[in-house]
Amino acid sequence: MSESTALPRMEAMFARLDGWAGQTAVRRAVIKSFVAVTAPVVILAGVAMLVLPGPGLVAIAGGFSLLAVGFPWARQVVSRAGRMLSDLRQVVLPPNCSPGRRVLGTAMIVGFFVTTTVATTAVTAWLGAQALI
């Protein structure tokens with residue numbers, strides 16, 4: 001899969017960033033170093049936040065987006081994830097659906113976020129109780 005299959009806004013942003021970073025070798029090295037150090041830390045923090053309080057999935061997505069700034073393979077991963085989310089949105093909330101289907105799709109999305117929040121809170125409370133024992 002090539003970078004040309006990325007979403008148009010993402011392609012434009014990466015083109016601007018590549019143009020700016022490609023002006024000098026020092027900029028390119030600084031950006032690559034910053035990304036190589038910072039992105040894994042953000043991803044690991046997101047993984048930790050899956051069982052600790054915090055937006056774990058958002059942090060993991062942010063870490064991969066940061067990796068995409070410096071590494072072409074990560075751009076492909078982020079692009080593929082974006083297309084999958086777009087396809088999922090089309091399935092859950094199709095553009096030409098009935099009002100009842102739209103309400104059902106919205107309820108499914110809200111239910112997913114409520115369920116994951118409650119599950120994360122329960123796991124965090126259980127881990128906290130185990131730490132006190």
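A: Helices (H or I, at least four residues) and strands (E, at least two) are DSSP runs, numbered from the N terminus. From the N terminus on, this protein runs α-α-α-α-α. This is a predicted model: local features need pLDDT of at least 70, side-chain atom pairs count only at pLDDT 80 or more, and totals for chains, interfaces and linings use all residues. Residues are numbered from 1 along each chain as its sequence is written, and side-chain values use heavy atoms, leaving out hydrogens and water.

Q: How many helices and strands does the protein come to?
A: Five helices and zero strands.

Q: What's its radius of gyration?
A: The protein has 19 Å, taken over C-alpha atoms.

Q: New topic: at what angle do helix 2 and helix 3 cross?
A: Roughly 165°, and the axes of helix 2 (residues 25–48) and helix 3 (residues 56–70) come within 8 Å. Axes are lines fitted to C-alpha atoms, for helices over the stretch in contact (heavy atoms within 4.5 Å), and angles run from 0 to 180 degrees between N-to-C directions.

Q: Which residues meet there?
A: Among them are Ile31, Phe34 and Val35 in helix 2, and Ile60, Phe64 and Leu67 in helix 3.

Notes: The radius of gyration is taken over C-alpha atoms; the globule rule is 2.2 Å times the number of residues to the power 0.38.
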